[in-house]
Amino acid sequence: MPDEEVRHSSDPRDIGWVRQNVPCQTACPAGTNVPAYIRLILEGRYGASYETNREANVLPGVLGRICSRPCEAACRHGWPGNGEPVAICHLKRAASDLKHAGHRITEQLFAPTGKRVAIVGAGPAGVAAAHDLSLLGHDVTLFEREERPGGMLAYGIPEFRLPRDVLAVELHNALRLGVQMRTGEAIGNGKGETRVSSLLKDFDAVLLTTGCMAAMPLPMRGDQGSLHRDVEYGLDFLVEYHRGERKRVGRRVAVVGAGFTALDCARVARRLGAEEVTIHIRTTEEYIPVTAEEMFEAKREGIRLKGLRTPAALVTDESGRMTGVEFVQNRLGGWRAGGRRQAIPIDGSEFVEPCDTLIIAIGQKTVNDFIDVKVEVGRDGNVLVSEDGMCSAAGLFAAGDFVRGPTMVVDAVGEGRRVSQCIDTWLMGKRRRTQAVRIEPVAGPQRERSFDFITRTHMPTLTLSDRIRDAKGEVELGLDEATAKEEAKRCYLCFLRYTIDVDRCIYCRACIEVAPRNCIKMINGVEIKPDGTYGSLAETKDWSKVAAIWIDNNECIRCGNCYRACPVKCISISRCELVDVEA
Amino acid sequence: MSERHHVIVGMGITGNEAAITLRRREPQSRITIVTLASLLFYNRYDLPQVFRGKHDWREFLVHPPAFYDDNRITVRRNSRVANVDPLNKVMTLEHKEDIPYDTLLVATGGRGWIPEELAEFRPLMQGFGSFEQAITVARALPEGGGRVVMLGGDMIGLDLARTLIDTGHRVTLVAGEQTFWPHQVSAERRPAFVAALETMGVEVVEQDSVGGVAQIAQGAKGLPARKVVFRDGSELMADVVMPFYGIQPAIDFMGRTGVDVERGLLVNPELRTTDAAIWAAGDVCQIWSQEENRYRFYYGWRNVRAMGEVAAGNMTGGNDAFVADQDEKLEIDAEGRLVSPFWEYA
Amino acid sequence: MDATDIQILIVGSAGDGTIAAGNILRQALAEAGYKVISFDVYPPEIRGFGKCIARMRATIEQAYSLKQQSDVMLSLDDSHAIPHVAEVRDWGAVLYESKPVANAPQGHITGHIRPGQIPYGCAIREISEKATGANRSRNIVALGYLAGLYRLPREAFHAIIDRQFKKRGAEVASVNRKAFDEGYAAGAGAFKLDDVAFGPPKPNVVPGTVVEMINGNAAVVKGCLDAGIDCFFGYPITPATTIMERLATEMPRHGKRLVQTEDEISAISATIGAGFAGTRSATATSGPGLSLMQEMLGLGTMAEVPSVVFVSQRGGPSTGMPTKTEQSDLNSALFGGHGDAPRIVMAPTNVEGCYRCAGKAFEMAEAYQTPVIVLLDLYLSNRYETVAFGQKSPFEPDVNKRPRKQDLGAGYKRFALVEGGVSPRAVPGDAGGMHIVTGLEHNELGRPADSAEMHLAMCDKRLDKLKGALVHPDFTVAKRFGAMGKAAVGLLAWGSTFGECLEAMFQAEKEGIDCSAMKVVMLSPFPEEAVSAFMDDCAAVLVPELNHDGQFARLVQGTLGRKVVKLTRVPGVPMRVSDILGEIRRLAGRNLPQAAE
């Protein structure tokens with residue numbers, strides 16, 4: 001039977017099915033095949049799981065710790081009535097942690113092309129692009145201003161969230177396919193610096209991935225243009241701290257800002273000995289872009305969060321020391337682009353919060369005055385790129401936060417991956433890789449209904465006292481093998497597609513009786529969209545009007561109950577996943 | 001045209017007062033109260049009475065069941081709201097039922113807040129938010145006097161402490177920031193307030209002096225059921241450990257509504273949220289205070305009852321602002337004991 | 001509280017296991033020592049969408065009927081349960097699925113539970129799936145929840161579950177035990193808020209008796225076996241089928257024979273044939289089957305052959321309402337035959353009565369050499385009660401009036417016209433007992449004879465001999481309950497409805513109404529004297545029955561020439577106690593006998 005063979009489909013309906021039905025993968029900026037790697041964990045094949053991750057994201061061990069997890073927000077297990085999302089991120093780390101010590105990575109190499117690419121900035125976007133471009137056979141040179149590669153990963157994220165040895169190994173693996181790494185070498189217009197224009201001459205393509213490394217200033221009353229000695233910018237605070245400079249904070253620390261950087265600053269400050277650390281935000285906790293788990297850990301460490309306030313001025317004593325910050329009360333305004341809320345200060349609502357150190361972490365921006373060729377710049381000061389990732393100067397590409405403004409690490413990795421495809425296409429004059437859906441018939445459900453009742457595992461963490469004792473000790477301890485497998489069972493494996501063969505169905509309703517949700521429906525019609533895809537289902541409760549019994553893949557949680565209950569075995573399961581194929 | 005459907009989430013003082021007001025103002029409309037509780041409206045402020053032997057919940061009911069039939073108020077108990085869709089004005093209950101509304105009043109109140117550092121010990125602590133919890137505590141205390149360790153200690157907890165001491169139990173309070181919540185006590189006045197507690201028979205342990213709670217553990221065999229271990233190594237044995245750190249609005253289900261939230265639902269003085277069809281009242285909302293230029297909570301039964309009435313009035317065409325008529329005042333009386341109108345339920 | 005009187009209602013859709021759950025629950029309650037009365041309602045379809053209800057009432061002393069209001073309801077299907085929510089009293093409990101896959105068109109049951117009732121939500125389906133990997137044990141989980149909530153003895157349920165599922169393998173039994181235990185834990189963990197409480201049951205103190213939880217049809221079977229049934233011939237029909245089913249299991253164990261015939265005509269023919277051969281034989285059917293049997297029953301009367309016919313009535317005529325109860329075959333049983341054919345017709349009023357009537361029917365058939373019809377109905381056939389049975393059979397194994405030796409041989413008069421009308425009867429194989437049996441009118445020898453005198457004599461004989469049935473040993477033909485002496489209202493009833501009459505009477509007494517009730521078990525020959533005396537005492541006589549025209553009321557009026565007040569209902573379910581009580585109140589208020597119609 002043709003049904004029993006693996007086939008590849010580039011039919012937009014099949015690609016659309018995967019996009020619609022595997023929400024985690026769709027949500028992942030890097031397009032990670034989440035169900036596949038989780039399934040491999042359950043099978044105990046941690047190395048293979050790690051490799052599956054690495055196909056999309058070259059830093060699984062890193063992202064497994066610090067990812068912002070858009071996949072978990074999309075996870076079907078977290079949909080209303082289904083419980084909590086699968087701990088996708090923790091499992092990613094588990095694959096990395098549990099793989100064999102002598103694990104060998106696999107790379108699929110293209111023949112050398114003889115093309116040379118320069119990448120400026122060894123942050124996550126730059127590293128991802130460098131890796132992918134070198135796989136594609138190009139010679140890559142990666143320039144980095146700092147002493148070590150990694151960008152924000154190495155200098156922005158505290159070690160208690162991302163141990164540097166993990167980072168070092170993965171960066172090394174990413175770059176060791178012949179990428180020439182030139183650290184401590186700044187690109188720009190300064191003395192002794194290499195200019196972008198000369199890179200463009202020496203290389204076939206140049207990619208700028210310098211990120212957003214300039215702190216966003218906070219306008220305050222009586223601002224003298226320079227920072228008060230008790231005030232710091234969050235990113236600078238972290239970078240200096242990670243460069244190894246001695247940082248000091250007062251007893252009471254106020255952090256202003258609502259992102260991961262603010263949270264990291266607060267937690268570092270706590271480890272530097274601050275007793276009262278408060279994060280002040282303009283809007284409210286509801287609207288800040290950090291994960292609840294990270295927020296909870298910060299709170300457990302005693303960090304408090306106060307909302308609806310904007311700093312207005314510093315309060316100082318006669319000696320000039322800061323004694324507090326004057327805030328103005330806000331109310332919530334409309335929505336800003338990107339789903340953030342606006343905060344509107346209320347006149348005359350000023351109040352003072354005492355504090356000794358103020359850390360401002362309200363955001364970062366790009367710097368592009370180092371580019372000596374003419375490029376179009378948007379209103380926000382970021383360079384403009386076209387669909388193919390190229391700036392207005394031929395051969396000059398840009399990606400990551402440098403283009404999009406401050407985003408998450410996984411966005412940067414996804415960007416790096418995407419732009420490397422664009423650069424390759426431009427360099428080779430044709431698209432060499434494309435996407436297809438691999439469809440494989442599966443013999444059984446691969447899951448048990450009892451898996452659906454496993455509750456989300458909680459990441460074991462360092463005790464509170466140990467966190468203060470060892471400021472660099474990783475807070476999250478990782479999942480052990482048994483826990484990881486248990487958590488892996490929770491994944492619905494959304495890439496499994498259940499279909500009832502209407503011709504063989506005997507309408508016995510046995511599947512409906514065992515269905516865990518309203519996922520199998522009696523219908524009297526299906527909308528067929530103009531492109532041939534199925535639209536909404538016309539449900540009926542009237543037995544005499546039933547035309548078919550239909551599995552609603554959107555509701556389906558792949559428990560396998562129906563498959564097991566069907567007396568005539570008219571339900572089939574196929575595994576559908578997006579793969580890269582040669583064009 | 002079918003009658004308007006007013007849906008109230010929450011069946012405390014606020015929700016009930018709102019339902020009654022709605023019925024009075026609109027004899028025809030449909031009124032539904034959705035509550036997590038299994039019981040009809042009872043007086044939460046009376047719950048300390050369980051320690052005086054009042055164990056039949058029927059004695060706590062404010063209205064007989066027939067009241068709801070007579071007033072055509074549908075009460076859906078054991079029902080958790082999963083989501084509210086403000087666009088289509090449909091509320092979804094956790095058991096997957098859609099309930100359309102014309103106006104929605106959120107009066108879910110608050111639940112006891114537990115600081116994150118104590119969250120892992122939650123199973124070993126006992127709350128006091130419902131009749132069921134109150135009875136559970138009463139049953140856990142040995143007859144003839146047991147020992148209760150209260151952590152934090154807010155005004156709800158202090159009220160309970162008064163009854164417990166009165167009924168022969170021993171109360172140890174681990175005092176901290178929230179001890180007099182929601183009343184604000186200045187640093188200067190605090191020692192006097194703590195002394196007043198001791199006068200009332202409460203044993204007070206200052207949290208700062210013991211370094212805070214490090215662990216709550218199961219008691220050993222033959223000993224009281226719980227052990228509280230402090231950072232400085234000292235320990236307290238207890239039959240029951242109860243956290244009282246103030247309350248936190250219960251608004252999880254409002255996550256996808258787009259209604260403005262800080263800690264509670266943000267409402268204007270007329271108690272309307274940022275959605276024209278959704279109101280909020282009681283401990284769940286932060287009301288804009290023109291005088292103080294900020295959103296603030298108002299606690300106390302008189303306030304939350306008044307909020308229910310105001311919200312219901314405004315849901316049915318009124319336009320009245322909420323005026324606070326009771327403060328969470330706490331004072332020391334002539335005998336050196338704490339007194340508060342917060343504790344005088346009528 | 002020691003006055004345990006708790007009625008539990010389980011409502012579900014066909015396929016939910018409603019009746020099965022009810023069955024386990026009532027058995028466990030009986031096992032735990034409570035007296036139980038229980039009755040199920042189910043649709044004619046085996047699978048599908050029909051409503052199933054199991055109702056049971058557990059008491060300390062045996063109750064006579066179900067209560068109108070239940071104390072606890074368990075919903076296994078909201079769309080069917082919602083209309084029954086109002087049946088639960090205030091402070092009673094409603095148990096339901098808290099995590100349904102889809103909701104009833106009327107919405108979730110929480111929207112219908114009344115303010116005075118206590119809701120208990122249980123994730124029945126989820127617990128079942130967690131415990132057993134499938135949702136098929138939902139009913140057992142729910143049952144466990146109920147048992148846990150009320151702290152019913154777990155062992156009683158384990159015993160019943162093991163007994164029930166053992167035949168499907170040890171694995172099935174253990175899975176169901178697990179499902180039950182998980183449900184029990186959930187129920188025991190729930191915070192109990194209703195005021196339903198099971199007090200300690202009263203132990204069975206009657207020496208030499210064993211308490212059994214049994215339904216009317218099973219009691220009939222037990223009566224048949226204790227009376228020494230030899231042969232059974234039948235053709236299945238609801239609600240009588242289970243009599244044959246049970247006998248089919250039991251009889252071969254005792255070396256007895258049961259044949260499923262091709263139809264009811266064949267069944268009664270064979271029964272009469274076996275009776276002629278001297279065995280104790282019986283058949284069982286319902287109204288439509290009785291119609292088919294009428295012709296042969298005429299032969300039974302004419303040939304003076306013993307036979308027993310159990311008729312369990314259902315909603316008619318024709319296929320009618322085959323799973324609903326009714327008392328509408330009285331006329332057919334009494335008068336359905338052709339010719340002047342008197343028969344013995346009796347109707348038990350409770351499950352124990354089913355046993356007694358069944359056994360006594362064989363005695364009477366044999367003693368009076370005639371067909372005996374035992375009228376049951378679906379309500380009684382399927383109603384469970386706890387009954388204490390003695391260890392020894394109370395029935396006479398042989399009451400055949402044997403011919404004297406000197407009367408045998410040539411000239412043996414099988415139909416001798418003797419005092420009382422019961423001729424000595426020889427059976428095939430008795431030496432010298434050879435005789436002719438025919439459907440034709442005959443003389444004492446059995447030879448055809450149609451003279452006016454002979455026909456009159458034989459008619460007299462066949463009628464007269466039945467009078468013995470009214471004074472048959474150890475058998476109550478009619479019995480009065482409640483206040484003796486003068487009463488404002490007398491309830492005169494037959495069959496299954498009598499239980500409701502007693503309940504109504506007790507309630508009326510509580511209200512201060514002088515009320516008395518009489519059950520009439522023997523319907524033909526009619527116990528005129530007893531009934532007449534009862535009616536003399538009552539200012540008004542009310543006859544409640546489940547048929548449209550008042551068949552029993554007509555029988556009383558026709559036989560005694562005295563007026564009674566009819567109370568007829570045909571809802572397909574047992575009569576409501578409140579309907580009877582309402583009528584009692586009305587009659588007591590007027591205090592005058594009402595003209596019928």
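Predicted model: local features only at pLDDT ≥ 70, side-chain atom pairs only at ≥ 80, totals over all residues.
Two residues are in contact when their C-beta atoms, placed from the backbone, lie within 7 Å.

Take C:Val374. Leaving out neighbours within four places in sequence, C:Val374 is in contact with C:Val308, C:Phe310, C:Met346, C:Cys357, C:Ala358 and C:Ala361. Both C:Val374 and C:Phe310 are among the residues that touch the most other members of the largest nonpolar core, which has 179 residues. As background, nonpolar side chains tend to be buried together in soluble globular proteins.

Now chain C as a whole. Its secondary structure comes to 18 helices and 20 strands. The C-alpha trace spans about 80 × 60 × 45 Å along its principal axes. The radius of gyration of chain C is 26 Å, which agrees with the value near 25 Å for a compact globule, because that is what 597 residues would give. Of those 597 residues, 55% are buried. Among contacts in chain C with a separation of 6 or more, 75% are between residues 24 or more positions apart.

How is chain C divided into domains? The assignment gives domain 1 at 5–189, domain 2 at 211–390 and domain 3 at 478–590. The centres of domain 1 and domain 2 of chain C, taken over C-alpha atoms, are 33 Å apart. Where these two meet, 13 residues of domain 1 are in contact with 10 residues of domain 2. On the domain 1 side, helix H1 (18–32) and strand S2 (35–41) of chain C each give two or more residues. S2 of chain C gives the most, with 6 residues. By class, that side has 7 nonpolar, 3 polar and 3 charged residues.

Next, helix H8 of chain C, residues 241–250. Which of its residues are buried? They are C:Thr242, C:Ile243, C:Met244 and C:Leu247. The cover over them includes helix H7 and strands S8, S9, S10 and S11 of chain C. In the loop between S8 and H8 sits C:Pro239, and a cis peptide bond joins C:Thr238 to C:Pro239, with omega about 5°. Another cis peptide bond joins C:Ser524 and C:Pro525, with omega about -5°. C:Pro525 is in the loop between strand S18 and helix H16 of chain C.

Two backbone angles deserve a mention. C:Glu304 is not a glycine, yet has a positive phi of about 55°. C:Glu304 lies in the loop between helix H10 and S11 of chain C. Is C:Glu304 buried or exposed? C:Glu304 has 25 other C-beta atoms within 10 Å, so it is buried. In chain A, A:Arg69 has a positive phi near 60° and lies in the loop between helix H5 and helix H6. A:Arg69 has 24 C-beta neighbours inside 10 Å and therefore counts as buried.

Last, the contacts between chains. Chain C gives 17 residues to its contact with chain B, and chain B gives 18. Strand S6 of chain C, residues 118–122, has the largest share of the chain C side, 3 residues. With chain A, 8 residues of chain C are in contact with 9 residues of chain A. That side of chain C has 3 nonpolar, 2 polar and 3 charged residues.

Technical notes
Residues numbered from 1 in each chain as written. Chains lettered and ligands numbered in written order. Helix = DSSP H or I, 4+ residues; strand = E, 2+ residues; numbered from the N terminus. Nonpolar A, V, L, I, M, F, W, Y, C, P; charged D, E, K, R; others polar. Buried ≥ 20, exposed ≤ 12 C-beta atoms within 10 Å, placed from the backbone. Rg over C-alpha atoms; globule rule 2.2 N^0.38 Å. Domains from an automatic or database assignment. Core = buried A, V, L, I, M, F, W, Y, C linked by C-beta atoms within 7 Å.
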